[in-house]
Structures are given as C-alpha cells and as structure tokens.
Amino acid sequence: MGLARVQSAVVIGVRAHVVEVEAHLAPGLPGLTLVGLADTAVNESRDRVRAAVANSGLRWPGTRITVGLSPAGLPKRGPGLDLAIALAVLAADGQVSAEDLAGVMALGELGLDGRIRPVAGALAASLTAADCEIERVITGCVDARQVGLVPSLRVTSAADLRCLVAELRGEVVEPPETPVESVTDSLPVGFLPTRDPTADLADVMGQEVGKRALEVAAAGGHHLALLGRAGVGKTLLAERLVDLLPDLGERESLEITAIAQLSGGVSRHVMTRPPFQAPHHTASRVAMVGGGSDRSPTVGVVSLAHRGVLFLDEATEFEPNVLDALREPIDAGGLTIVRAAFRITYPARFQLVIAANPCPCGNALDTRGPACTCTPAQRRKYLGRLSGPLMDRIDVRAVLTRPTLAELSLNPWR
Ligand SMILES: [Zn+2]
C-alpha cells in the first residue's frame, strides 16, 4: 500500500507557512482520517475531496486512508489544503506519479464537481514557497496568475482536477467548454511601476522648514513630528513624504501586496509604491497593531503601512495605550502577538509621521497670528499626552508657522 506526500501552505496572520500533506493507504475499512490540528473547514475537505475525485472520473481508493498534516502544532485553517490532499491520495494510490509531486506545492480549494477554486493568500503562499526553495506550484487558473508574479516559481495550473491530473500524466485532454472560473478584475495581474501623481511636494506653497524636514526624514528613514496650528499644512506635507520615497523592489512590492490582499484590500496591480496609512484618532489598539480574536486575527494598520508611511494626525487625541503599542514595531520592525492557539509575527517596518497642535488653542510657537491663550501647565499637559518613550524615537521635529504672503509668492518649487 502506498505513501505519498506533497507540500501546501496555510496562512496565519499575514505570513504563509508550509504544510506537508502525507497520504497513507492501508488495508482496512474504507474511510479517510485526517490528523494534525485541522479546523472545521479542513475536516470538511474529506467530503469535498472525495466528491471532487469521483466527479473527475478518477478512482477513490476503497481502503483505509490516513492523511497527516505536519507540522502538527501549526493550526490548519481554511479549505486551501483540498488540492494537496487530493493529489497526495491519488499519488499514494498510484494514479499520479509520487516522484512528480516531490518538492511541489499544491494550492487550491476543490468544488464538489472537481473545479479548482482560488484560495485566500495565494500570493503570500507563493512568497513562502520561494523562500523555502520550492520550485513548482500546482494550482487553479485564477491563482496561477498570482503565483506567476514570483519569478523563481514554475506554475502548473488547470481549471479542474480532471485536467490537472491529465497534465501531470502527460496526457492531452479537452479543456472544459466554458472557463470554469473567470479571472476576477480584483486580483493583481502585473506590476504598474508608476508614481501616484496626486501628492506632489511642488503643491505646497511656503513651508520651507517643513519641506526640509520632510527631505531629511525621507533621506535618512527618520520618524518625523510636525507641530503647528490647525490649517498650517501638516497633513498636506505628511501626505507628500511618500512621494519622496523610491519605488519598492520586486520582493517588497509582492510582500506589501500580499499583506493588503490578506486584510481584504484589493488592487488591480502589484503595489510598487510605499503605502500610506492614516488611521483616525479613534482607532483601537487592535485596529492599530492587529491581533484580536483567536479564530481570525486581524491585520493592523501598522502592518498595512509596512515599508511605507504611518501618519497619525491629531496625535495627541489618540489613546495613550494605542500610541504606546507603536513602540515595539518602531524598534523591531514588526510585532509578535501570542494567543493560546497561535503566535503571529506581523511585519511592520514603517516611517512614523505624527502631527499635532502645539497647545490646546493651537497658537503656541507661532508668532504670526493670534497669541496663545493657554497657561504653561495646559501646554505641558497637552503635549504630555505624547509619551516620552515615543517622542524619544522621533528624530526629526519641525515647527510649522503660518507662511507670509512673500513666502507664498516666492515658491522656488514652481
Ligand atoms: Zn495655546
């Protein structure tokens, strides 16, 4: 009786982890036993895989089948292991060559009729496959576009299990009459190496100090604090920091696109520009750094800002525990969340820009306008909301003042 194995992947947080799927056929009562910390969706794949194999004109082994998912300690979620389980069972039964599947990753959910559906996190799984020196990925037609974005991977794809098995056997089959699954417009299908023209530093009149601070922060990768009264241009400047940053490399582009996908964001193209995230000051700690429930941990804003800019407008209005939660990602470039069922490391290497009024009335530090009416104690208390340990990590601080008419008319950037 046979034994076969194939690789697959499960996504935890924003990273995919390789899972080895082994199938063993032994004499005994017909049935399939799944071992290895599988959740409900994975357990249900028993029925999906059996129906898909039967409806693809293939033989379901009438023996006792054991499918092992390892590493056993890694929680397996979702239906993305279906295709790997089906191929491992078919290889153990000798219907496809087990040697052909050695070192291959299979990704896909199976429909009862045998069609191969896309899975969440196909791009993240492909990046992990490339990191683990897996050279070939077997998947459905939709996910093949995602896998094909990673240059080191070879892709074998088919619309359904029948065509896929035929391709693995080297047979020629008629493809299904109608495309079983059309490629949706929401999936990234290529690189778009263009700059967002909407935010340009040339749009900012005056504010030479702010522009200089922005350039220094961009050149050195420093975190930046902008202080100034309301309407002086803090947000306008902060939004333009991304414009000064270079395009992302190929690997970084795929990495941030995979993170955006897993958080529910969709993009027609691979994101080649650094992301810009500006959460509202009512954001919770979980929204900011991620985590939350044990069953479906969320991706935080700091991870969506990975390799880009995190802008906190009205920074003094954020809850102190939300601001303090930023210290770990600022220091480590990521953060680790531990729960009973999992341990996730989220990437979060961003440039922080905070903007704040200098005092409750907003007029302190600016002699060009109404005078500040706050007491020294009020001013200390107001800026004291930004904790010392957080401010210690911000290297560049600029005070923005109201530009004069002369500055507005002599804009050297135009
Ligand atoms: Zn004041």
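Reader: Why is Cys 359 called buried?
Author: This is a predicted model, and in it the relative accessible area of Cys 359 is 0%. Buried means under 20%. So Cys 359 is buried.

Reader: Is Cys 374 buried or exposed, and how do you know?
Author: Its relative accessibility is 11%. The cut-off for buried is under 20%. Cys 374 therefore counts as buried.

Reader: What makes Cys 359 a donor of the zinc ion?
Author: Distance. Its SG atom coordinates the zinc ion, as do the SG atoms of Cys 361, Cys 372 and Cys 374, at 2.2 to 2.3 Å. Donors must lie within 2.8 Å of the metal.

Reader: Why is the site of the zinc ion called tetrahedral?
Author: The angles among its 4 donor atoms are 105 to 114 degrees. Four donors count as tetrahedral if all angles lie between 85 and 135 degrees. So the site is tetrahedral. The ideal tetrahedral angle is 109.5 degrees.

Reader: How are the donors of the zinc ion spaced along the chain?
Author: The pattern is C-x1-C-x10-C-x1-C. Cys 359 and Cys 374 both lie in the loop between β17 (351-356) and α14 (376-383), so the pair ties together parts 15 residues apart in sequence.

Reader: Now Ser 8. Why is Ser 8 called buried?
Author: Ser 8 sits in strand β1 (residues 3-12). Its relative accessibility is 0%, and buried means under 20%. So Ser 8 counts as buried.

Reader: What makes the pairing of Ser 8 with Ala 106 a polar contact?
Author: A polar atom of the Ser 8 side chain lies 2.7 Å from the backbone oxygen of Ala 106. The limit is 3.5 Å.

Methods
Residues are numbered from 1 along each chain as its sequence is written. This is a predicted model: local features need pLDDT of at least 70, side-chain atom pairs count only at pLDDT 80 or more; totals for chains, interfaces and linings use all residues. Side-chain values use heavy atoms; hydrogens and water are left out. Helices (H or I, at least four residues) and strands (E, at least two) are DSSP runs, numbered from the N terminus. Buried means under 20% relative accessible area, exposed over 50%, partly exposed in between (1.4 Å probe, protein chains only). A polar contact is a pair of N or O atoms within 3.5 Å; within protein, one must be able to donate a hydrogen and the other to accept it, and residues adjacent in sequence count only if both atoms are side-chain atoms. Donors are N, O and S atoms within 2.8 Å of the metal (3.2 Å for Na, K and Ca); water is not among the atoms, so sites may look incomplete. Four donors count as tetrahedral if all angles lie between 85 and 135 degrees; four count as square planar and six as octahedral if opposite donors are over 155 degrees apart and all others between 65 and 115; anything else is irregular.
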